[in-house]
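Welcome, and please open the model in your viewer.

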Amino acid sequence: VRFPEDLEDDNTTFNPEYSHQVFGDDEVAFGYKGLKILLYYIAGNLSTLFRIEYASKVNEKFDCVEADDVESKIREIIPPGFCTNTDDFVSLLEKEVNFKPFGMLLHTYSVHNEEAGEDITYQIYKADMTCPGFREYHERLQTFLMWFIETASFIDVDDERWNYFLVFEKYNKDGATLFATVGYMTVYNYYVYPDKTRPRVSQMLILPPFQGEGHGAQLLETVHRYYMSSSAVLDITAEDPSENYVKLRDFVLVKLCQDLLCFSPGKLMQGFSQEMVMEAQQKLKINKQHTRRVYEILRLRATDMGDAEQSRSYRLDIKRRLIGPYKKKQRELAKMRRCLRPEELTNQLNQIDLNMQHEQLEESFQQLVSDYRRVLERLAQA
């Protein structure tokens, strides 16, 4: 909500992707007809209005059953101090002009908005719990995780090893410049013996109204550039990354790596090398596993897949990596032959069908190439 009229505008509304963390695996609130759970957030500081509406509700006295206590379930995840009536919320909205982003400005960029017919400016800040008012703001911000990240949990903000990176949009209201929350990322700094840290991305969320505009890539690249400048950082990783995050990371890391000398077309065609591992880690804080993916994507770009020899060489190079887990299974099978009874061995052999392995390997290869092509298409448009 930026303007009072946004309260009645369905275009500013978005629905949760998940609700199982609040309402259980069935995602059901029992006992209501026409139930609406309404959460409004002021665009910048995220002050909250919470309302429940329904046409009717089962009555314990007459129906001998009790409706779910929806209000207490929501109260468990939104911090206290929220509004319950519109007038209080609108009066807070009038004070929004005083809201300013927290922490240190790291990056400013603009995105062309077709609808508005103009470039809109965005800024990325790094904050921590010493910033006045940030702790309370973060409590409101993290409530979005419950609706948009499948396995989300709230973090221990008293642990000083957390870093917070925030994206804001600048917009005008009555001649004043205001800021709207776009998304954020939390990063935990793990200790690596003897004197390094390994920042690990924990949570990352771009709010639905801003998705598909490139903010995730801007945020991840900014965070990488922030840590790249520190000699104390070994490499940057992520905790239990989603499929979408992996695609985003592929794009950002390839964009960062493509100009390194070790990834020149000539060197790519010679295969994956220790030089690539060293240069990517030292200059860009990228670990070996991620560097390998970058190599495979950039080698695909340098390969003429219409040329039979180049195509075969690329396919074999990727499959040599993909076959690792299958070779591990073969080693396990060799051990089984030595220690299992014949009937037990037959049972295990049935599970390790070689033809099936070849099919799975080809399927994995085709899926990877398809994913890599999408990264390269996006890179060409960037």
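## First stop: a pocket

Begin with the second largest pocket, which holds about 1,500 Å³ of space. Keep in mind as you look around that this is a predicted model.

To centre the view, select Met204, Ser242, Asn244, Tyr245 and Leu248: of the 43 residues lining this pocket, these are the closest to its centre. Next, colour the elements that each supply at least two lining residues: helix 6 (145–148), strand 9 (196–206), helix 7 (215–228), helix 8 (243–257) and helix 15 (354–381). Which helix gives the most to the lining of the second largest pocket? Helix 8 does, with seven residues.

Now try colouring the lining by residue class. You will find 19 nonpolar residues, along with 12 polar and 12 charged ones.

## Second stop: a helix pair

Move on to helix 11 (residues 288–302) and helix 12 (residues 308–322), and show their axes if your viewer can. The two helices pack at an angle of about 170°, and their axes lie 11 Å apart. Angles over 145 degrees count as roughly antiparallel, so helix 11 is roughly antiparallel to helix 12. Their crossing is left-handed.

To see the contact itself, show side chains on both helices. From helix 11, pick Arg292, Tyr295, Glu296, Arg299, Leu300 and Ala302; these meet Gln310, Ser313, Tyr314, Asp317, Ile318 and Arg321 of helix 12. How do the residues of this contact divide by class? Five are nonpolar, two are polar and five are charged.

Definitions and conventions. Residues numbered from 1 in each chain as written. Predicted model: local features only at pLDDT ≥ 70, side-chain atom pairs only at ≥ 80, totals over all residues. Heavy atoms only, no water. Axes fitted to C-alpha atoms, helices over the stretch in contact; angles between N-to-C directions. Helix = DSSP H or I, 4+ residues; strand = E, 2+ residues; numbered from the N terminus. Parallel < 35°, antiparallel > 145°, perpendicular 65-115°, else oblique. Left-handed = near helix turned anticlockwise from the far one by under 90°. Contact = heavy atoms within 4.5 Å. Nonpolar A, V, L, I, M, F, W, Y, C, P; charged D, E, K, R; others polar. 1 Å grid on protein atoms, 1.4 Å probe; cavity = no way out; pocket = protein on both sides within 12 Å on 5 of 7 lines; lining within 4 Å. Points joined across faces, edges and corners; volume = space filled by probe spheres on them.
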